[in-house]
Amino acid sequence: MDSVTLIAMASIIAAGLTMAIGSIGPALGEGRAVQQALSAIAQQPDERNTLQRTLYVSLAMIESIAIYCFVISMILIFANPFWAHVIAK
Amino acid sequence: MEILKSNQISPDQILIWEWWFIKLNATILYTWLIMAILVISSWLVTRKITSDIHTSRSQNFLESVVSTLRDQIREVSQDEPGQYLAFIGTLFLFICLSNLLTIVPGYIAPTASLTTTAALAISVFFAVPLYGITKQGVWNYFKEYFQPTFIFFPFHVMGEISRTLALAIRLFGNIMSHDKVIGILLAVTPLFFPIIMQALGLLIGLVQAYIFAILAMVYIASASQTHEKGHA
């Protein structure tokens with residue numbers, strides 16, 4: 001197996017694993033955050049605006065971890081520096 | 001018409017015009033387009049502005065946008081919104097328009113390029129100490145970096161840098177991923193399902209613009225309010 005095949009294989013597998021493992025944590029965290037926010041809204045419907053704003057901001061911050069994983073897997077697939085290095089040689 | 005090829009992740013890679021060392025890529029072109037739309041439309045509306053009861057439709061729209069922005073800024077900062085409105089409002093309107101225009105065919109959001117989002121995040125990075133120092137003075141602002149003890153100085157600096165990075169990557173990742181997901185879905189389930197994803201993308205774009213503006217406001221407020229809280 002030459003190095004081109006090896007790098008392509010490793011990149012694709014790593015991209016898949018990055019998304020698979022990296023999305024577990026944010027998914028669980030977002031579920032918990034939404035659950036808490038919904039029960040808080042159910043208890044205090046008057047505070048809905050504040051709760052919603054805080055929920056959106058915190059959801060975005062939790063989701064950004066999954067987005068980092070996505071960016072890394074996109075870089076591995078579309079703009080892989082190791083792949084470009086080997087191809088250029 | 002395919003503008004962004006499927007193996008490119010950034011509109012920076014599309015060169016539209018090149019002369020010597022000056023290169024005009026799609027990101028710059030669409031940024032100029034958005035700037036032109038924002039400036040010309042608000043100039044057209046504010047040219048014939050009235051304080052009458054009967055306002056024009058467009059003036060009514062802009063007034064509702066500005067008053068919503070002011071309300072949101074006031075709620076987050078617990079302060080007079082006028083001083084922050086220029087910066088936060090510009091960030092929100094620019095990101096919002098650049099995300100929402102993705103529904104126009106042939107257009108690529110400049111926020112789908114890391115250079116644009118990094119520029120926006122760096123402007124937030126410099127706006128935080130500017131507002132902090134004008135609000136509470138040089139000494140009080142830099143004193144915050146050494147709270148509770150001087151050992152915490154590197155952690156404060158690292159926090160500043162990493163949250164700027166997070167701000168840039170979050171916006172870039174969300175908008176770029178939306179483009180890519182639609183491209184992949186077009187290959188798998190064409191015609192109907194990508195339309196739903198486009199609608200979802202509009203919502204994501206709006207929410208991301210809102211979050212970027214609110215987070216910038218939270219950072220600025222946290223830098224400029226600590227002193228007052230100590231006395232309250």
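Q: In what order do the elements of chain B run from the N terminus on?
A: This is a predicted model, so let's start with its overall layout in chain B. Chain B holds six helices and two strands. Reading from the N terminus, the order is β-β-α-α-α-α-α-α.

Q: What box do the C-alpha atoms of chain B fill, along the principal axes?
A: Chain B has 232 residues, and 29% of them are buried. Taken along the principal axes, its C-alpha atoms fill a box of roughly 60 × 55 × 45 Å.

Q: What share of the chain B contacts with a separation of 6 or more comes from residues 24 or more positions apart?
A: Look at contacts in chain B whose partners have a separation of 6 or more. Of these, the part made by residues 24 or more positions apart is 66%.

Q: Which element gives the most residues to the largest nonpolar core?
A: The largest nonpolar core has 41 residues, and B:Leu91, B:Phe212 and B:Ala213 are among those with the most contacts inside it. Helices H1 (26-47), H2 (57-77), H3 (82-100), H4 (114-143), H5 (153-188) and H6 (193-231) of chain B each give two or more residues to this core. The top giver, with twelve residues, is H6(B).

Q: Which residues does B:Ala213 touch, leaving out those up to four places away in sequence?
A: B:Ala213 is one of the residues with the most contacts inside the largest core. Leaving out residues up to four places away in sequence, B:Ala213 touches B:Ile88, B:Leu91 and B:Phe92.

Q: How are H2(B) and H3(B) set relative to each other, going by their angle?
A: The axes of H2(B) and H3(B) are 10 Å apart, at an angle of about 115°. Angles of 65 to 115 degrees fall in one class, so H2(B) and H3(B) are roughly perpendicular.

Q: What is the handedness of the crossing of H2(B) and H3(B), and which residues make the contact?
A: The crossing of H2(B) and H3(B) is right-handed. On the H2(B) side the contact uses B:Leu69, B:Arg70, B:Ile73 and B:Ser77, and on the H3(B) side B:Tyr84, B:Leu85, B:Ile88, B:Gly89 and B:Phe92.

Q: Is B:Gln78 buried or exposed?
A: B:Gln78 sits in the loop between H2 and H3 of chain B. Its phi is positive, about 55°, although B:Gln78 is not a glycine. B:Gln78 has 11 C-beta neighbours inside 10 Å, and 12 or fewer is the cut-off, so B:Gln78 counts as exposed.

Q: Why does A:Lys89 count as exposed?
A: A:Lys89 is in the segment after helix H4 (81-88) of chain A. The reason is its count of C-beta neighbours inside 10 Å, which is 7.

Q: How many nonpolar residues are on the side of chain A that touches chain B?
A: The contact takes eleven residues from chain A and 14 residues from chain B. On the chain A side, one residue is polar and no residues are charged, while the nonpolar ones number ten.

How values were computed: Residues numbered from 1 in each chain as written. Chains lettered and ligands numbered in written order. Predicted model: local features only at pLDDT ≥ 70, side-chain atom pairs only at ≥ 80, totals over all residues. Helix = DSSP H or I, 4+ residues; strand = E, 2+ residues; numbered from the N terminus. Buried ≥ 20, exposed ≤ 12 C-beta atoms within 10 Å, placed from the backbone. Contact = placed C-beta atoms within 7 Å. Core = buried A, V, L, I, M, F, W, Y, C linked by C-beta atoms within 7 Å. Nonpolar A, V, L, I, M, F, W, Y, C, P; charged D, E, K, R; others polar. Axes fitted to C-alpha atoms, helices over the stretch in contact; angles between N-to-C directions. Parallel < 35°, antiparallel > 145°, perpendicular 65-115°, else oblique. Left-handed = near helix turned anticlockwise from the far one by under 90°.
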